[in-house]
Every structure is written in C-alpha cells, then in structure tokens.
Amino acid sequence: MKCSGTFDFLNIFIHSISTVSEFAEAQAPGTDPRVPAPTSVSGGKRRPPASTQTAMATTTASNLTLLLASTLPSRVRLPTRLLRAPRASPLRLSTAAASSGSRTLTSPASSETPEAAEELRLETESALEWGGVCARLADFASTAAGRAACAEGRVPVGRSREESERLLDQTAAAVALLSSLTPLDFGGVGDVSAVIAAAARGRLLAVREICGVGRSLRAARGVFEQLNGLAEEMPDGRYSPLVDILQDCDFLTELVQMIEFCLDSNLSMVLDQASDKLGTIRKERRMNIDVLESLLRDASTKIFQAGGVDSPLVTKRRSRMCVGVKASHKHLVPGGIVLSSSGSGATYFMEPRDAVQLNNTEVKLAGDERAEELAVLGLLTSRIADSRLKIRHLMGKILELDLACARGSYALQINGVRPAFSDRDNSTQLDPSSACSVFIEGIQHPLLLEQFRGIVKESDAEVGNGQLSEEVCVSAMPVPLDMRVKNDTRIVVISGPNTGGKTATMKTLGLASLMSKAGMFFPSKGRPRLPWFDQVLADIGDHQSLENSLSTFSGNISRLRKIVQVVSKDSLVLIDEIGSGTDPSEGVSLSTSILKYLASRLNLAIVTTHYADLSRLKSVDDRFENAAMEFCLETLKPTYRILWGSTGNSNALSIAKSIGFDQKILDRAQEWVEKLLPDKQKERQGLLYDSLRDERNLLESQANEAASVLSDVEGLYNEILSEADDLDNRVAALRAIESQKVQQELKFVKTQMDLIIKNFEVQLQNSKLEQYNSAMRKAEAATASLAASHQPTEFTFSDDENKSSYVPKIGDKVYVEGLGGGSTATVVEILSEDGSCIIQYGKIKARTKNNKMKLAQRDAKETSASSVQRKGRTAKRSPAEATQGASISFAPAVQTSKNTVDLRGLRVAEASHELQMAIDGCRSYQVLFIVHGMGTGAVKECALGILRSHPRVAKIEDESPLNYGCTVAYIE
C-alpha cells in the first residue's frame, strides 16, 4: 500500500509538470490564450480544450512550487509571474524608426485637427506613391524587421530639420561604406519583438525563442564590432554617423553568456551545466535507464527463447518501459503488470516485477528533470523580461542602422545625390543658386527611372543581344527636369498642354521633398537644394465618391478645405487642376481667392491649371511665379521640359489632331477659337514664345561653354593641388623604402656572417691541424667578399674622362653625382643643346649634365645583341665589358643549399635540363654553385658549355684545389 501511494503521488506530480509544459508550448507567439482551442485526441485519449488546460496549469502551479522548493538550487528558481500571468494588455515593440515614421507629415499647426492632418498625410503619401519608394527600399534591407518596416511604410522621416540632416549624414556614411565593398553583416539578427512581448506578459518562453534572443543580441554586437573596426581604419570619421547609432547601446553581454551557458541553440535543449541539480538528475537518469534497458532486454530475450514472442520487444507504454509477450504466454512474466495490449489483444505489454522500482525511479527522475528545465527557462525568461527595454532599444538601433544601409544601397542603385536644405534668408552673390529656395537640376522621378530600367532589362532579354531599341529608350526614359523657384516666390502656377507632364513635375518635387526628409538621396545633377517642409499636402486626382455624395468638384473643394485648416508656414502644398469641374469664371475666382490666402500662410505651393487668368496673377503679386510645359508644334508632342517664367497653352486642338480626331470638327473648333481670341493676341503670343525660346537656347549654349571651361580649370587646379599635396608623401615613401632596403640588407649580412662562422666552426671540429690555415683563409675570403659586396661606393667623376668616354643613351642605368653611392637612375630623355639629359630616380625626374653621370648598365637589348658574335661560338667579353661587369655588386660567394645545384649522378640530358632551370630561377646578381663532380667528365663538360654560352652568366670560376668538382657562376 505504501508503494502504491508513492506511485500515485508520482503520477500526479508528472501530470502537473506535463500540464504546465503543454500550457507553455500552447502559448506560442501569435496565439491568444483567451481563445479556446478545439478538443484533440492523442494516444486514444481525449484531451481537454485549451481553456481547461489553462485552469489546470493555474491550479497546479502553487503545488509545483511547493514540490520544487526543496530540490532547486538557490541560484535558480521559478518566477511567480510565470505561473500566474497578469491580465495586462499586450505590449507592442516600438522602435525609434517606427515612432519617427508614424508622424511623417504632422506639424504643430495641425494639432487642432489631428484627424484631418493624419488623413491628409496618408492620402498625400498615396498620391505621391511614397509606398512604392518604401517597397523599393525594402529590397535593400538586410533584416526581417527592416523589410517589414519598409513594406508597411514605416520608414523613419525627420520630424525636424536637424533630424533629417542626421538621416542624410547616415545615408552618406552608408554610401561611403558600401562603395568600399565592405557591407555590414546582419546575419543572425532576427525579429524578437513578439518574443519580448510574450516574456513581458509573463509567458514561459521556449528554448528556441530564448536562443533566438541570444543569437540576435550576439549578432548585434558583431555588427557594432565590425562597424567600429572599419571606422578605426578610416581616421577621417566618414563612418561616424553610423557608429553613433550603436555607440551607447547595451549589448547585454552577461545575458547572452548566460543563455549560451544554459542552452544549446543547435539542439534546442537545456544543457546539463545549466544547474548542478539538473546535471545530477540527468546523470542518475542515464544510469537508471541503462540498468532498466539491460534488465528488459534480458527478460525479452528469455521470453523469445521460450516462444512467448516472435522477436524480442522492449517498448514504452504509459511512460513506463515494458516488454511484449503473447497473451497465451503471460505466465512467462510472473508477477508482471499489464500496462496495455495490442489492438487485436494477442500481445500484452507487461512490466516485469523487477522493473517496477526502476520504472518508478525513471518517472520520478524524468519529472525532476522537466521541473529543473522549467526552472532554468523561467529564470532566463525573467532575465529577458527584466531587460526588455534595453533589448527593444538595441533592436530599434539595429533597425535604424539597417535602414541607413538600405538607403545607401538604394542611392547607389539610382545614382542618387545628397540634397541640401535651403534657407530663404541666406542668399549670397557668390552662389547664384542661393537666390532660389528650390534649385534642382536634372531630377528624374525615381519610380519612373526604375520602371525604365525594368523595360530595358525585359527588352534585352527578348532581343538577346544586349541592345535596346531606340523607340523603347525614347518612350520610357524619364526626362530630367530643372526646378528653380526664387526665394520670394510662394505660389508657382504651371500651365501647359494636357499629357505635358504638369502633374508628373509636381509629383516629382513632392516625392523629392519626402525623400530628403527621410534621409534618402534622389537622382539629379550637381547639389540639389530645397527647403525642409514640415508637411507635404497634396490634392491630386479625382475625389469623387458616390458613397459620400461627393461630385468631382465637391470632392476637390473638400480636400482644399482640409488643407487650408492644417497648413503651416513650412508646408508644401501641391494642387492639381485647381478650380476645375465647375463654371470657369467661378472656378477662377475661387482659385484666385484660395491661392492669395495660402500665399501668406505656407512655404511653397505648386499649382497646375488651364486657366489663363491664374497665370496673370504674377503681374499683380510678386509672390506668384509662372511656369509652362514645353510643347513642340512641329511634332505636335510635348517635350516634358519646364519653361520657368512662361505661360503655356493647353494645345487641346493640336493634341486632338495628333490622336486622330475628325479634322472637320477640329476646323470648326479653330474658327470658334479665333472668334473668341482678341485681335492679334495669337500673333503676339507666338512672337513672345519664339523670342523666349531663342533666348533660352542662347543662354543654354553660353552656360554649357562656361561649364566646359570651368571643368577644365577645375581639373587642372585639382591636378596641381594633388601633385603638391602628394609631394611630401612621396618623399616619405621613398625614405621608408630606402630604410626598409637597408634593414633587409643588414638582416641578410647578419645571416651570411652567422653561416660563415658556423661553417668555420664545423671545419675546425672536423679538420686536421694541417688544414687549419686553409679553413682560416677560406673563412677570411668569404668574410672579405661579403664586406666588399655591401661596402657603400662613392663615385668620383672626371669631366675629361666623361666627355671622351661616355655618351648617354635613353634607357641607360647611370650613377649620378650627389645621388648616393650605389644608387642608379635611368636616362629618359637626351637634351643635345647643352650636353645634358633628363634622368628618373623612382618617381622623381631631374636634369643633369653628362659629366655628372657614370654608366652603370647599358640597355639589355644592346648588350645582348653585342654579346653574341657568331652562332655556335661562345661570346668573349671585352675588357670594357669586363670592367663594367666588375663594377656590378654580386652576392657574396658563400655556398648554401639554396644557391647550389647538384648534378652528380644525373645523365647529361638530365643535368642540362636541371642546370637550365637553376639558372632561369636564379635572381639577378646572385652566385650559383654547380656541383658536377669528377667522374668521366661528361656532366662537367656539358655544364661548362651551358655556362659559357648562357646570356645571363657574367663570369665563371673553375674548380680550385679547395673546391674540387664545383664551378661557381655569377648570374646577371
């Protein structure tokens, strides 16, 4: 009875542990514990729903704590909040990037109507296709959080000019970093926001979730160390804006080390070393399982031998190890307990009597192990929950760094240029562009540019030859736009033909404003300048709504009313076709009143219209400026270029004709136009248009010529400046090279001297007394040769000798007086008028007279040509050549294993090939020892023949009494 009571107690204990485990696994990220799960069936038993399991886990939590109180070590305990989760609202992981991007276009002026401002912001971003730019940016993000932020439009946008400048600095640093082909490695950084939120709510985290947090924290530290290392290599501080992002972050090194000490991320398990108790339990459990399995294998083998089962069978039923036996042979397991049976009832799964105690121990140890694992996981979960603010801050900074690198990659992709924010009051005469609040040259719409590149790729794929047809380029390539708005201008009225590009121009400026606020570069020329706008408000498109009973006109007016309510002094307003959809006279009146009202309440407004009366506002109000979209009357097609200061016609009849409208209808319409126009207005307008176009062409040609001259002058100036700046660096580099050569030469001499001394000591030990003098002379000769080869030589020059003996030639190696003993220069130019020439020493060129030079080496082509007299005959060196060769310093004649080639024992052909390879592989001005031995003399004759005829052999020394069977060759 006592044993049975203990067994029931253990079953209840294990059931409690498994219930808590199932509850923890059921609360995975993304699941709601308040939603009941459907009833499931497992192992032939029906499991209660999730709500019942939750109640069971809560009921047994306090019991579990009491059971574990005496078994857990002092350093590991199960936190109380993991047992009873507080019913608090879930916390959402928020980052600096998300918070800054959530108020892209909100200003203080809109505080009274925040709902209207937020609605206008979303509608403006939709009209300007800001989501398309963010989606394109997502392709360059490296982390899952970065891609999600871009896909959801949560790209950080500066809420102040200083914040936007900081974002631009980060993008510029990222461009410099990516241009050096050293991108940051964000591998291992995961989105742990849901895991952190679950830990904050009190849910027990699984092993894989905790390992994911640790892996992300370690990867974040790796990114910072990589970035910091790159920044230290560049002392100019070009990467400082990126380093500052992670500079003050806490990487929670202690938490990462604790996670890695306790958990195995590869196997997703708790390690034995996580706690002393867990290690002891697992050790006891392994020993108990070994004994239990051995006992059951022996019992199963005996049952099999007795015919009680077809094959030995050891299995587990109801969490207890047992053996299989036929129902008819149940007696083979005396005193055994039937745990289960097969579906047919022919086989019983019985627990032998001797295995009961071992199984009880196994069940107890398994429960203790699971309880200890829960305690370890509870401790780690508690540490993560306590550090949630630091983790969120760090992950937010990693997201900010990832988005900065994504902006840099996108800028390189579109050849983007960094914009600058302009001030209307800071205009100078030195910079003509400072007179304009908006000064952008050659800007292209980024989405149209991406679309064009996509068309080019598709066309290349279809054609297959890598060439794009001219029609595709002309039709798809976005036309660069020049935008120049003066400082005192508040309203720009753009007129021109339909499909002429008015709306596209307006959208391009609006999108450029958003991109500059978000720290993004956009494709343009030069250094674009534009104001920092706190809001970008747009009324573009048809806002007709049958659901809200809004017509086209009422929808546009409703939007304008909201814009007037939230506009501020630093706002940019974009209005397309203002006052359209109603009577022209009333539309003009209403539009004029709205624009005059806005002129004193905003920074800049761009308005498109077909009303000529709005273009005349410039003559009565200096705050207005006109612009027209160019239209070619010859081709009847728009050119998509802006004519600033001009007014344009709608050219409705020309466009209708270009698309194939009935000519009779067009002729009748032209008659009505002529009747409605004042006398000779058409003629005056045509003359004005022609004069403006001629003046523009003249100014463009002059500007291009001036730009070309300026470019040449700047190039010459930069070249001279770089040469002057680099002069000190070159001198220092030459000195460093010379110093390095001297150090190498000293090291070589020391090595050779050590070798001479070592050889001398060996000869003294192995030689007889009568050979002492010979060894001494040999060592002294080697020492003298080594000293002579490295002795600095000072050359003296005789004017009479040089005038009669040396005539310089281009390519000669010469010694120059004052250059330093042993240093040679090359003749690069002959000046015959005064008997001098130009020499080059390294990167330095100088002019010197012939009597200040002495020939060191003639050009290889001439020496090789003169060295061969007749084919098949050995060339003899002249006395002059011998004298010249003697002046060349060779390496000391000290025999080592590296400068020795041994031909003994080889055939003549093999020896010839080996010697040829040795000569070819020998460095210039080195000494080569050829050991040919005595023997028959065939190898020796072959070697001497090759040495005498080889062009690189300067001289040879035959074998001496001290060096029988060896010939010494001096290699040039």
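By salt bridge I mean a side-chain nitrogen of Lys or Arg within 4 Å of a carboxyl oxygen of Asp or Glu. Glu 260 sits in helix 11 (residues 253-262) and Arg 218 in helix 9 (residues 207-233), so this contact ties together parts 42 residues apart in sequence. Helices (H or I, at least four residues) and strands (E, at least two) are DSSP runs, numbered from the N terminus.

On the source: this is a predicted model, where local features need pLDDT of at least 70, side-chain atom pairs count only at pLDDT 80 or more, and totals for chains, interfaces and linings use all residues. Residues are numbered from 1 along each chain as its sequence is written, and side-chain values use heavy atoms, with hydrogens and water left out.

Back to the pairs. Glu 260 is partly exposed at 39% relative accessible area, and Arg 218 is partly exposed at 44%. The cut-offs are under 20% for buried, over 50% for exposed, and partly exposed in between, with a 1.4 Å probe and protein chains only.

Glu 209 and Arg 203 also form a salt bridge, with the closest N and O atoms 3.3 Å apart; both residues are buried.

The structure holds 39 salt bridges. One network of them links Asp 272, Arg 282, Arg 285, Arg 286, Glu 362, Glu 369, Arg 370 and Glu 373.

Last, backbone. Arg 318 has a positive phi, near 55°, in the loop between strand 5 (314-317) and strand 6 (320-326). Arg 318 is exposed, at 61%.
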